[in-house]
Amino acid sequence: MATFELYKVESELALHAAYTLMRELRPHLTDAANFIARVHRQAEQGYCLQGVWQDQQLLALAGYRISENLLYGRFLYVDDLVTAPCARSHGLGAKLIDALRAEARDQNCIHLVLDTALGNALGQRFYYRQGLLAAGMHFRQTLA
């Protein structure tokens, strides 16, 4: 039986492992040092990385932050959620979502919120199975 451990990604070695896995979700990230610097800057605003590990190998990763706004009140926002291709369909994404729900409750959040691409049908199906419901559309404009 596989043993999985959940813990925050904080050490430099763990951040390098996170970079490798995060590139599955964010292929535009092409430099580990830049990724790690960005994570540190985002951490100043509350960003955290939570990972699922097996035998010191990072298999699934979630980046999140606690925030508050007039729409949701206090909420946990999931910036990033990714599972290594070799570990998909083994319940690791659900394990992360459960851990994020627990963190949100511990932080007195009212909601767990995330965005996904319109074309991410597999992700959307997964989120529905996890009890998350689509509540709107996310709009953006590139300014640079």
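## Salt bridges, a pocket and a strand hairpin

By the rule used here (a salt bridge is a side-chain nitrogen of Lys or Arg within 4 Å of a carboxyl oxygen of Asp or Glu), the count comes to 3 salt bridges. Keep in mind that this is a predicted model, where local features need pLDDT of at least 70, side-chain atom pairs count only at pLDDT 80 or more, and totals for chains, interfaces and linings use all residues. Residues are numbered from 1 along each chain as its sequence is written, and side-chain values use heavy atoms, with hydrogens and water left out.

**The salt bridges**

Side chains of opposite charge can pair when their charged atoms come close.

| Pair | N to O distance |
|---|---|
| D80 and R26 | 2.9 Å |
| R65 and D79 | 3.0 Å |
| R101 and D98 | 2.8 Å |

Start with D80 and R26, which form a salt bridge. This pair links distant parts of the chain: D80 sits in strand β4, while R26 is in the loop between α1 (12-25) and α2, 54 residues apart. Is D80 buried or exposed? It counts as buried, because its relative accessibility is 8%. The word buried means under 20% relative accessible area, exposed means over 50%, and partly exposed is in between (1.4 Å probe, protein chains only). R26 has 26% relative accessibility, so it counts as partly exposed.

Next come R65 and D79, joined by a salt bridge. R65 lies in strand β3 and D79 in strand β4, so this pair ties together parts that are 14 residues apart in sequence. R65 counts as buried because its relative accessibility is 15%, whereas D79, at 22%, counts as partly exposed.

R101 is partly exposed at 22% relative accessibility, and D98 is partly exposed at 44%.

**The second largest pocket**

Some of those names come back when we look at empty space. Rolling a probe the size of a water molecule over the atoms shows where empty space is left. On a 1 Å grid over the protein atoms alone, a pocket is an open set of points where a 1.4 Å probe fits, with protein on both sides within 12 Å along at least five of seven lines; lining residues have an atom within 4 Å of a point. The second largest pocket has a volume of about 310 Å³. That volume is the space filled by probe spheres set on the points, with grid points joined across faces, edges and corners.

Which residues lie nearest the centre of this pocket? They are R26, R38, Q42, D79 and D80, out of 14 residues in the lining. α2 (32-43) and β4 (73-83) each supply at least two lining residues, and the largest share, 4 residues, comes from α2. The lining divides into 6 nonpolar, 3 polar and 5 charged residues.

**Strand β2 and its partners**

Strand β2 (residues 48-54) is mostly covered, with 5 of its 7 residues buried. Two strands pair if DSSP finds at least two bridges between them. Strand β1 (residues 5-8) runs antiparallel to β2 and is joined to it by 4 bridges. On that side, K8 stands opposite Q50 in β2. Q50 is buried at 13% relative accessibility, and its side chain reaches the backbone nitrogen of K8 at 3.1 Å.

β2 is also joined to strand β3 (residues 57-69) by 7 bridges, again running antiparallel, and C48 stands opposite Y64 in β3. β2 and β3 form a hairpin with 2 residues between them, and D55 in the turn has a positive phi of about 50°.

**Backbone angles to look at**

Most residues other than glycine have a negative phi, and most peptide bonds are trans. Q56, in the loop between β2 and β3, has a positive phi of about 65° although it is not a glycine. Q56 counts as exposed, because its relative accessibility is 76%. S89, in the loop between β4 and α3, also has a positive phi of about 65° without being a glycine. At 80% relative accessibility, S89 counts as exposed.

Note on methods: Nonpolar A, V, L, I, M, F, W, Y, C, P; charged D, E, K, R; others polar. Polar contact = N/O pair within 3.5 Å; in protein donor to acceptor, adjacent residues only side chain to side chain.
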